[in-house]
Amino acid sequence: PISVRDGFVDTFPSERMVLNEEFLPDVTDFRTFLGKAKKRDVDSIILCLNLGQNAPIAKQASELGIESQFGGCENLNSRDEVQASAQALVGAWFVSASYESQFREKYVKVFKEDSMVGGAAIHYDIAMLLNEIAPKVQNKDELLNAILISGQRHGMIGDYQVTRQEDDQFF
């Protein structure tokens, strides 16, 4: 898969998928899509949108009387998104990474909330890995190789290892 969406579309039973649309990162008017969803009486809307897009789609869905369950990526848990959605995102389910409790404590101390701590823990671990490896390599190919052979590691998301899958197109 080349995106979260593509991976989901490739594995989700096609007979259960009512709509499948992709949006550019700057889109904030989802009424055309939501009109189609309402006509088809969808019961769930799975999102993996950028911050700033989840609130508008949820708020517009609520304004159109759509009572579908929202679910998707951790961005649905952003305090700012939930507030901007006029509470339309309350009750949305989302997937997040596990993280070490001391990371959460430090995160809350700085940001005064923990709505995006799982994603922050992943990015922290990536930054620490790159900080360790980058000074030792000369180019992007060496960097990728060094990351892939870095082995089992322990970070704020617990134990992890960077691997490359056969069909992986992210590298």
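## Terms and basis of the model

Two strands pair if DSSP finds at least two bridges between them. Helices (H or I, at least four residues) and strands (E, at least two) are DSSP runs, numbered from the N terminus.

This is a predicted model, in which local features need pLDDT of at least 70 and side-chain atom pairs count only at pLDDT 80 or more, while totals for chains, interfaces and linings use all residues. Residues are numbered from 1 along each chain as its sequence is written, and side-chain values use heavy atoms, with hydrogens and water left out.

## The sheet

An open sheet is formed by 3 strands in the order β1-β2-β3, and the pairing is parallel. Because β1 (44–47) and β3 (93–95) stand at the edges with a single partner strand each, one side of each has no neighbour in the sheet.

Strand β2 (residues 69–73) pairs with β3 over 3 bridges in the parallel sense. Within β3, Phe-94 is the bridge partner of Gly-72.

## Helix α6

Helix α6 comprises 17 residues (117–133) and reaches 24 Å from its first C-alpha to its last. This is close to the expected 24 Å, a span defined as 1.5 Å times one less than the number of residues.

## Confidence

The predictor's confidence in each residue is given as pLDDT, from 0 to 100. The protein has a mean pLDDT of 87, and 94% of its residues reach 70 or more. Among its elements, helix α2 (residues 31–39) has the highest mean pLDDT (97) and helix α1 (residues 4–11) the lowest (73).
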